[in-house]
Amino acid sequence: MNIQFKKGVLNLCVLVLLDKQDRYGYELVQKISSRIAISEGAVYPLLRRLTKEGYFTTYLQESSEGPPRKYYSLTELGRTYLQEQLKEWKSFTDGVNQLIEEGVQND
C-alpha cells in the first residue's frame, strides 16, 4: 500500500482504537498491523505528538510480562478531534469513491 495513504490514516486508526479502550503502544501497533502493514516506529512519534497536543493522557500500569506499560487514554478534547477526523474521512472517502465510480463507468 502507498506509504502516503498509511501516514494519512494512521492518526485516525489510533484515535478510533483509543475511543473504545485505553491501550499501550505495542498493543496499538499490533492491532493496526493486523489490518495494515505498518512499522512499529511509525506509531510512537504519533502517540507523543497527540499526547503533547492534549488528545491523550498517559498512565503506567504494572505488567506481569515485564516492566510497567504506558497506557494512552483519549481525553474529551481527543474525542472531539476524533469526531472531526471521522467527518473529514467520510467526506474524503465519499469524494474519492465517487471519482472512482465515474472513472470506471467511463471505461
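Modeller: Let's start with terms: helices (H or I, at least four residues) and strands (E, at least two) are DSSP runs, numbered from the N terminus, and two strands pair if DSSP finds at least two bridges between them. This is a predicted model, so local features need pLDDT of at least 70 and side-chain atom pairs count only at pLDDT 80 or more, while totals for chains, interfaces and linings use all residues. Residues are numbered from 1 along each chain as its sequence is written, and side-chain values use heavy atoms, with hydrogens and water left out.

A hairpin of 2 residues takes you from strand 2 to strand 3, and 7 bridges hold strand 2 (residues 56–63) against strand 3 (residues 66–74). If you want a spot to look at, threonine 58 has tyrosine 72 as its bridge partner in strand 3. On the other pairing, strand 1 and strand 3 run antiparallel over 2 bridges, and there tyrosine 24 sits opposite tyrosine 71 of strand 3.

Next, the rings. Rings of Phe, Tyr and Trp (its six-membered ring) pair if their centres lie within 6.5 Å; planes under 30 degrees apart count as stacked, over 60 as edge-to-face and the rest as tilted. By that rule there are 5 aromatic pairs. Phenylalanine 56 and tyrosine 72 have ring centres 6.2 Å apart and planes at 70°, so they're edge-to-face. That pair links strand 2 to strand 3, with its members 16 residues apart. Both phenylalanine 56 and tyrosine 72 are buried (buried means under 20% relative accessible area, exposed over 50%, partly exposed in between, with a 1.4 Å probe and protein chains only).

Tyrosine 59 and tyrosine 71 look another way: with centres 5.6 Å apart and planes at 10°, the pair is stacked. Tyrosine 59 is in strand 2 and tyrosine 71 in strand 3, so the pair ties together parts 12 residues apart in sequence. Tyrosine 59 is partly exposed, at a relative accessible area of 31%, whereas tyrosine 71 counts as buried at 13%.

What about the inside? A nonpolar core is a set of buried Ala, Val, Leu, Ile, Met, Phe, Trp, Tyr and Cys residues joined through side-chain atoms within 4.5 Å. The largest one has 23 residues, and Val14, Leu18, Ile32, Leu47 and Phe56 touch the most other members. Helix 1 (3–20), helix 2 (25–33), helix 3 (40–52), strand 3 and helix 4 each give two or more residues to this core, and helix 1 gives the most, with 8 residues. Take leucine 47: neighbours within four places in sequence aside, its contacts (heavy atoms within 4.5 Å) are Val14, Gly25, Leu28, Phe56 and Tyr72. The Phe56 and Tyr72 in that list bring you back to the edge-to-face pair.
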